[in-house]
Amino acid sequence: MFSQTVEYALRAGVVLASDPDRSWKVREIAEAGCAPVHYLSKILQALARAGLVRSQRGLHGGYALARSPDDVSVYDLVSAIEPIPRLKRCPLGLAEHDSGLCPLHLRLDEAAERMEASLRATTLAELLRKPGPGSPLCLRAEPKTRAPG
């Protein structure tokens, strides 16, 4: 449903929200979120341009959330990277649909609207509070052990 770039942005947001008073190095965020360091660096820059994270250079620098985890929604992160497309007019360019969306495209746009509402209603803090198996970040493969012999 979402691109790998959005997935990495969401993982980075959850990592930063897990300790919002800390300044995180890109490498630390990448390790905790199972994301490639160089790619994540570009994603964090985009999140900083959107005002969701702040960056500080220097020895004690790094990245941190610009707002409380209670004030950053999943929608904020998604839309900073790849906004959810909404239908304003017929994507087929049909003249007979100039007056409004046909029933099919109207339903598709309504689904996008519901998804936006759900993502807006979900904060990073909420993701960290939800009970469930493991972390919402990534799964690390367990090291394989060799059988004796």
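In this predicted model, S73 has a relative accessibility of 6% and therefore counts as buried, since the cut-off for that class is under 20%. S73 belongs to the loop that runs between strand 2 (62-65) and helix 4 (74-81).

**Surroundings of S73**
- When its neighbours within four places in sequence are left aside, S73 is in contact with L119, R120, T122 and T123.

**Packing of helix 2 and helix 3**
- The axes of helix 2 (residues 26-33) and helix 3 (residues 37-49) come within 9 Å of each other and cross at roughly 110°.
- The two helices, helix 2 and helix 3, are therefore roughly perpendicular to each other, as angles of 65 to 115 degrees are assigned to that class.
- On the side of helix 2 the contact is made by V26, R27, I29 and A30, while helix 3 contributes V37, L40, S41 and L44.
- Sorted by class, the residues in the contact of helix 2 with helix 3 are six nonpolar, one polar and one charged.

**The largest nonpolar core**
- The largest nonpolar core has 33 residues, and those with the most contacts inside it are L16, I29, L40, L44 and L47.
- At least two residues of this core are supplied by each of helix 1 (4-18), helix 2, helix 3, strand 2, helix 4 and helix 5 (103-120), and helix 1 gives the most, with nine residues.
- Not counting residues up to four places away in sequence, L16 touches W24, I29, L44, V53, Y63, A64 and L65.

Terms used
Residues numbered from 1 in each chain as written. Predicted model: local features only at pLDDT ≥ 70, side-chain atom pairs only at ≥ 80, totals over all residues. Heavy atoms only, no water. Axes fitted to C-alpha atoms, helices over the stretch in contact; angles between N-to-C directions. Helix = DSSP H or I, 4+ residues; strand = E, 2+ residues; numbered from the N terminus. Parallel < 35°, antiparallel > 145°, perpendicular 65-115°, else oblique. Contact = heavy atoms within 4.5 Å. Nonpolar A, V, L, I, M, F, W, Y, C, P; charged D, E, K, R; others polar. Buried < 20%, exposed > 50% of the residue type's maximum accessible area, 1.4 Å probe, protein only. Core = buried A, V, L, I, M, F, W, Y, C linked by side-chain atoms within 4.5 Å.
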